[in-house]
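Student: I have a model open on my screen and would like to work through it with you. Could you take my questions one at a time?

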Amino acid sequence: MSARPRVLVIGTGFAGFHCLRKLERKLPEDAAELVAINPADYMLYIPLLPEVAGGVLDPRRVAVPLRNTLKRTRLVLGAATGIDLAKKCVRVTDVEGRANSMPYDRLLITSGSVTRLLSIPGVAEHAKGFRTVAEAIHLRDHVLRQLELADQSDDPEERRARCTFVVVGAGYTGTEVLAQTQLLTQDAWRHLPGLRDVPPRWILVDVAPRVLPGLDPRLSKPTEKVLLKRGAEVKLETSLKEMTATCARLSDGSEIQTRTVVWCVGVRPDPLVSTLNKPATNGRIDTDTYLKVCEDVWAAGDAAAVPDLVRPGEITAMTAQHAERQGRTAAINIAASLGHGTAREYKHKDLGFVVDLGGWQAVANPLGVPLTSLPAKAVTRGYHLMDLPYGRFRTAANWITELGSGRQITHFGVVPDRGISLAKADLPPAAAGQAGTEVD
């Protein structure tokens with residue numbers, strides 16, 4: 001082990017990334033060795049991922065490079081597969097499958113979350129997930145390919161099925177995914193005169209009684225109005241019962257012939273936390289108000305059940321806003337344990353959400369003030385530019401270019417179906433995971 005105490009961070013999502021960034025600024029260089037374990041060399045800025053699927057942003061705009069932004073942190077490319085609290089070490093499997101053990105003096109668990117699958121026949125085999133860059137690129141390519149194949153087919157039923165797209169989950173992610181990719185398919189459809197009689201059909205399905213059920217109710221109606229005006233169908237209080245390669249069967253008895261079902265139902269904590277044999281709430285490891293799990297171990301983000309001091313008796317929500325701020329608080333408390341500064345409790349009140357609906361449309365409620373259309377769009381874009389840790393100028397330029405020249409209608413087929421299988425979401429901890437966008 002290094003002569004300096006080693007601070008080991010598992011995961012570089014919002015919580016892990018911002019913890020390391022804060023530690024690099026707060027700790028003298030000789031105070032600690034900073035090490036991060038992550039399967040990729042970037043932090044994924046998930047809130048902008050729907051714009052990658054919609055063909056608005058280059059995939060690199062949502063990937064924050066760790067080498068450029070965390071100058072003092074040593075990155076270990078791999079996945080944490082187990083934690084031995086007694087021996088103070090983490091078992092790691094690197095990207096080539098080799099296993100080893102890494103000791104630590106201070107440990108922060110920010111392993112994030114993975115796609116939550118329900119026991120619905122056919123979902124793992126046939127649905128498209130939406131948690132990674134690969135899944136976003138694959139979805140963009142897939143929907144464009146379906147339109148091309150529909151244009152080539154002489155079978156009317158096949159043409160309609162390939163032009164029909166279903167999104168399950170009307171929360172933040174599902175709503176943005178549908179809004180962005182619907183505009184993409186509408187743009188592509190205009191270049192396919194052979195499909196003039198078969199316009200793209202988009203259907204949003206959720207068991208909740210309204211769109212965006214977890215957000216301010218004042219955002220739901222304007223959002224639904226935008227989607228309906230664009231021609232989308234919204235099926236509320238309805239669930240997916242079964243899925244095959246060519247059909248989605250819903251709880252209302254309808255059968256939708258389709259080749260595309262996008263699964264945006266939600267997330268669950270990374271399975272790594274279940275190996276600790278520590279108290280947990282809803283699968284998230286329990287912490288105190290200082291984010292501490294036990295001696296020399298802290299947890300934050302989606303993996304942690306942090307008491308919510310703003311809402312006594314509850315735990316903080318699994319949002320990027322909480323993860324980012326918990327990461328910074330964890331850094332302060334870890335630094336305090338090394339003799340630098342004073343520990344503090346985590347306390348943060350949600351100050352609003354932003355939801356980008358593509359084009360000129362968005363909804364937002366900064367400081368509780370509901371906004372729609374252009375004002376909401378301005379707030380949404382401004383928030384993302386402020387919160388994005390790297391590449392703001394390039395992202396802004398990407399948006400300006402899209403306004404002037406429109407979306408580029410191309411699909412490369414670089415991510416095969418087998419590379420984004422949802423079945424891997426139920427595998428033991430070796431994968432990864434990271435989570436609405438909120439205004440603060």
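This is a predicted model: local features need pLDDT of at least 70, side-chain atom pairs count only at pLDDT 80 or more; totals for chains, interfaces and linings use all residues.

Student: In what order do the four strands of the open sheet lie?

Tutor: Residues are numbered from 1 along each chain as its sequence is written, and side-chain values use heavy atoms, with hydrogens and water left out. Strands are DSSP runs of E with at least two residues, helices are runs of H or I with at least four, and both are numbered from the N terminus; two strands pair if DSSP finds at least two bridges between them. The pairing here is parallel, and the order is β12-β11-β10-β16.

Student: Which are the edge strands?

Tutor: An edge strand of this sheet pairs on one side only. Neighbouring strands are turned by 20° against each other on average, direction ignored; axes are lines fitted to C-alpha atoms, for helices over the stretch in contact, and angles run from 0 to 180 degrees between N-to-C directions. The edge strands are β12 (233–236) and β16 (260–263).

Student: Which residue of β16 is the bridge partner of V167?

Tutor: Strand β10 covers residues 164–168 and runs parallel to β16, with four bridges joining them. The partner of V167 is V262.

Student: At about what angle does helix α7 run to β11?

Tutor: Helix α7 (residues 172–189) lies across β10, β11 (201–206) and β16. Its angle to β11 is about 175°.

Student: How many residues of α1 are buried?

Tutor: Helix α1 (residues 14–26) has 13 residues and reaches 18 Å from its first C-alpha to its last. That is close to the 18 Å expected, where the expected span is 1.5 Å times one less than the number of residues. Buried means under 20% relative accessible area, exposed over 50%, and partly exposed in between, with a 1.4 Å probe and protein chains only. The buried residues include F14, H18, C19 and R21, and the count is 10 of 13.

Student: What is the length of the polar contact between the side chains of D296 and K88?

Tutor: D296 is in the loop between β20 (292–294) and β21 (297–299) and counts as buried at 13% relative accessibility. K88 is in the loop between β5 (73–84) and β6 (89–94) and is partly exposed at 26%. A polar contact is a pair of N or O atoms within 3.5 Å; within protein, one must be able to donate a hydrogen and the other to accept it, and residues adjacent in sequence count only if both atoms are side-chain atoms. Here the length is 2.9 Å.

Student: What is the phi of L212, roughly?

Tutor: L212 is in the loop between β11 and α8 (217–229) and is buried, with a relative accessible area of 0%. Although L212 is not a glycine, its phi is positive, at about 50°.

Conventions. Contact means heavy atoms within 4.5 Å.
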